[in-house]
Amino acid sequence: MNKTKNIALADDHALFLDGISNLIEDQPDLKVIYKAKNGNELIDFVNISRPDLCIIDMEMPILNGLQASELLLRKY
């Protein structure tokens with residue numbers, strides 16, 4: 001029995017978020033549980049509800065993907 005993996009996405013482009021979300025949701029063992037528009041939104045979400053995986057755009061406003069990744073790796 002495969003456990004469903006919960007995924008959080010972060011990208012400032014809505015079209016990309018929707019597209020990658022649709023591709024992920026086509027997989028039976030994957031579920032997108034959150035879509036963030038910047039790194040701060042992602043960090044806030046991860047602090048409350050820890051997904052199994054984060055897919056993060058490196059170039060976003062407010063807090064870019066590299067900065068968000070470093071913060072997440074340090075904390076979790």
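Me: What does pLDDT stand for in practice, and what is its mean over the protein chain?
Reply: pLDDT is the predictor's confidence in each residue, on a scale from 0 to 100. This is a predicted model, and the mean pLDDT of the protein chain is 95, with 99% of its residues reaching 70 or more. Among the elements, confidence is lowest in H3, at a mean of 95, and highest in S1, at 98.

Me: What makes the aromatic pair of Tyr 34 and Phe 45 stacked?
Reply: A search of the whole structure finds 1 aromatic pair. The ring centres of Tyr 34 and Phe 45 lie 4.2 Å apart with their planes at 0°, and since rings pair when their centres lie within 6.5 Å and count as stacked when the planes are under 30 degrees apart, the pair is stacked. It links distant parts of the chain, as Tyr 34 belongs to strand S2 (residues 30-36) and Phe 45 to helix H2 (residues 39-48), 11 residues apart.

Me: How do you know whether Tyr 34 and Phe 45 are buried or exposed?
Reply: Buried means under 20% relative accessible area and exposed means over 50%, with partly exposed in between. Tyr 34 has a relative accessibility of 26%, so Tyr 34 counts as partly exposed, whereas Phe 45 has a relative accessible area of 15% and is therefore buried.

Me: Which residues make up the largest nonpolar core, and which element gives the most to this core?
Reply: The largest nonpolar core has 12 residues, among them Ala 10, Leu 42, Phe 45, Ile 56 and Leu 72. Strand S1 (5-10), H2 and helix H3 (65-75) are the elements that give two or more residues to this core, and H2 gives the most, with 4 residues. A second, separate core of 5 residues includes Ile 7, Leu 9, Ile 24 and Val 32.

Me: What is Ile 56 in contact with, leaving aside its neighbours within four places in sequence?
Reply: With those neighbours left aside, Ile 56 is in contact with Ala 10, Leu 42, Gly 65, Ser 69 and Leu 72.

Me: Why is the meeting of Lys 3 and Asp 52 called a salt bridge?
Reply: The N to O distance between the side chains of Lys 3 and Asp 52 is 3.8 Å, and the cut-off for a salt bridge is 4 Å, so the pair qualifies. Lys 3 lies in the segment before S1 and Asp 52 in the loop between H2 and strand S3 (53-56), so the pair ties together parts that are 49 residues apart in sequence. Lys 3 has a relative accessible area of 55% and is exposed, while Asp 52, at 41% relative accessibility, counts as partly exposed.

Me: How many salt bridges are counted, and what makes Asp 18 and Lys 35 one of them?
Reply: The count comes to 2 salt bridges. The side chains of Asp 18 and Lys 35 meet at 3.2 Å, N to O, which is within the 4 Å cut-off, and therefore they form a salt bridge. This pair links distant parts of the chain, with Asp 18 in helix H1 (residues 14-25) and Lys 35 in strand S2, 17 residues apart. Asp 18, at 38% relative accessibility, counts as partly exposed, and Lys 35 is partly exposed with a relative accessible area of 35%.

Me: Why is Ser 21 called buried?
Reply: Ser 21, in helix H1, has a relative accessible area of 6%, and because buried means under 20%, Ser 21 is buried. Leaving aside its neighbours within four places in sequence, Ser 21 is in contact with Leu 9, Val 32 and Lys 35.

How values were computed:
Residues are numbered from 1 along each chain as its sequence is written. This is a predicted model: local features need pLDDT of at least 70, side-chain atom pairs count only at pLDDT 80 or more; totals for chains, interfaces and linings use all residues. Side-chain values use heavy atoms; hydrogens and water are left out. Rings of Phe, Tyr and Trp (its six-membered ring) pair if their centres lie within 6.5 Å; planes under 30 degrees apart count as stacked, over 60 as edge-to-face and the rest as tilted. Buried means under 20% relative accessible area, exposed over 50%, partly exposed in between (1.4 Å probe, protein chains only). A nonpolar core is a set of buried Ala, Val, Leu, Ile, Met, Phe, Trp, Tyr and Cys residues joined through side-chain atoms within 4.5 Å. Contact means heavy atoms within 4.5 Å.
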